[in-house]
Amino acid sequence: MAKYRIGLGVTGGIAAYKAVEVLRLLQKADCDVSVAMTRHATEFVQPLTFRALTDKHVIVDDYDPENPDPIAHINFSQEIDLLLIVPATANIIGKFANGVADDFLSSTYLATTAMVMVAPAMNTTMWEQPATQRNVTQLKADGVYFVEPVAGELACKTVGTGKLEDVENIVRQALALVGELGSRGVGETNTHDLRSEHFLITVGGTREAIDPVRFISNHSSGKMGFAVAEAAATRGAKVTVVAGVTTVEPPANVNVIRAVSAEDMHTAVKGEIANATVFVGAAAVADYAPANAADAKIKKDGRDVMTLELKKTPDILSEVSKNRRDGMLVVGFAAETNDVVGYARSKIEKKGLDLVVANDITKAGAGFNTDTNIATILTRSGGEIELPLMSKREMADRILDEIVRLRKG
Ligand code: CTP
């Protein structure tokens, strides 16, 4: 029996021919692939190509007299683990985002309970169009995974973002989503153990304005928080990230809201928290911000010493914990330079946390801007798990393992 059942939806763009390669790679990875095409896609690639490779009828139209299944959009949609759209046009993204079901593929999207992954490809202007971006944001909020288009030379001879991601990468991400390449490795069963969770994660540093040209900030890169976001999404969770200032790009397939200051981050978190089942405070939020940011650039005015008055920022983690709904888990981070475990444990009490990830940022290989970390996970019930030097991505999975354990009680 095939490992995974994939519904490959092909829509009408010049990159449609690359869907053939995606099909082949999925088959090589032991997936059973069924193909659906939009009418426009058939202008670019013949359904016969996919039929020959899959040995199955390729559905374009529910009402086609040759269609062997009279309610194909229901049956097709129920018999797959993943609906993968390669390439996705602005049109299909718009239809999915707005619940339009006027052909086989858009009806299948509405009828499926499988995960959905979309790999867009289109002209840069079409991709960047506010209408397209609105639809993408909506779909991400609806739990659709995206393999973002990349920059490069496009079929229209322009250079910009809108090129289909490499087929190998699309297949890798699709397989990771259905579990094949999940961080647990092939054959393990817990890759979708977070499917019923919605993570809200703060990531990166904040920037607190002194005047229009200066600010107070910190060295946070966002790497650890993004690693947790990516790992949670790979394990089936819906993930929303509120990202402050970061030096790395967010992972694909998570919904990202940008925030600059602690105040912005607080507002964004309040706006999203109602949907969350797990909150992770991975951001290095400034504890204090200038009490009165100047509207105009501050001049030296001959001063040798100057004093900046700071006021406390909202403690987002404590606020979330204080107002949490039943069943919500709250996870914090503690970056310390001494008495790491002691300080971290006191944070569990002070901030009402279920779990805290403590790291000694003075250790080589731990802390800001590195790709690795060394930490201790502390739980409310007294648990203490030492995590030796490992990649932040691997550590993210170890943290998620503890969250799953807490959930099971
Ligand atoms: N945090 C937050 N909002 C703040 C400050 C911190 O959400 N305004 C969160 C961080 O995301 C992290 C945890 O709280 O999860 C860090 O705890 P905290 O005690 O504030 O860390 P420090 O700033 O290092 O505290 P202290 O200086 O008291 O050690």
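Which residues lie nearest the centre of the largest pocket? The legends below refer to a predicted model.

**View 1. Lining of the largest pocket.** Ala 283, Ala 284, Val 285, Phe 333 and Ala 335 lie nearest the pocket centre. They belong to a lining of 37 residues. The space in this pocket is about 870 Å³. At least two lining residues come from each of these elements: helix H10 (223-234), strand S13 (278-281), helix H12 (316-322), strand S16 (329-336) and helix H13 (340-351). By class, the lining holds 16 nonpolar, 13 polar and 8 charged residues.

**View 2. Helix H1 against helix H3.** Two packed helices are described by the angle between their axes and the distance between the axes. For H1 (residues 18-28) and H3 (residues 47-54), the axes come within 11 Å and cross at roughly 10°. The two helices are therefore roughly parallel, as the crossing angle is under 35 degrees. H1 contributes Ala 19, Val 20, Leu 23, Arg 24 and Gln 27 to the contact. H3 contributes Thr 49, Phe 50, Leu 53 and Thr 54. These contact residues divide into 5 nonpolar, 3 polar and 1 charged.

**View 3. The buried residues of H1.** Ala 19, Val 20, Val 22, Leu 23, Leu 25 and Leu 26 are buried in H1. The buried residues pack against strand S1 (4-10), strand S2 (31-37), H3, strand S3 (82-88) and H9. Asp 30 follows the helix. Its phi is positive, near 70°.

**View 4. Surroundings of Leu 164.** Leu 164 sits in the loop between strand S7 (159-163) and helix H9 (167-178). Its relative accessibility is 3%, so Leu 164 counts as buried; the cut-off is under 20%. Setting aside residues up to four places away in sequence, Leu 164 touches Ala 15, Lys 18, Val 86, Pro 87, Ala 119, Pro 120, Ala 121, Val 150 and Ile 170. Ala 151 is 13 residues from Leu 164 in sequence. Their C-alpha atoms are 8.8 Å apart.

**View 5. Surroundings of Phe 226.** Phe 226 is part of helix H10. With a relative accessible area of 4%, Phe 226 is buried. Beyond neighbours within four places in sequence, the contacts of Phe 226 are Val 203, Val 241, Ala 243, Thr 246, Val 248, Glu 249, Pro 250, Pro 251 and Arg 258. Phe 226 and Ala 396 are 170 residues apart in sequence. In space, C-alpha to C-alpha, these two residues are 9.0 Å apart.

Key. Residues are numbered from 1 along each chain as its sequence is written. This is a predicted model: local features need pLDDT of at least 70, side-chain atom pairs count only at pLDDT 80 or more; totals for chains, interfaces and linings use all residues. Side-chain values use heavy atoms; hydrogens and water are left out. Axes are lines fitted to C-alpha atoms, for helices over the stretch in contact, and angles run from 0 to 180 degrees between N-to-C directions. Helices (H or I, at least four residues) and strands (E, at least two) are DSSP runs, numbered from the N terminus. Angles under 35 degrees count as roughly parallel, over 145 as roughly antiparallel, 65 to 115 as roughly perpendicular and the rest as oblique. Contact means heavy atoms within 4.5 Å. Ala, Val, Leu, Ile, Met, Phe, Trp, Tyr, Cys and Pro count as nonpolar, Asp, Glu, Lys and Arg as charged, and the others, Gly among them, as polar. On a 1 Å grid over the protein atoms alone, a cavity is a set of points where a 1.4 Å probe fits but cannot get out, and a pocket is an open set with protein on both sides within 12 Å along at least five of seven lines; lining residues have an atom within 4 Å of a point. Grid points are joined across faces, edges and corners, and a volume is the space filled by probe spheres set on the points. Buried means under 20% relative accessible area, exposed over 50%, partly exposed in between (1.4 Å probe, protein chains only).
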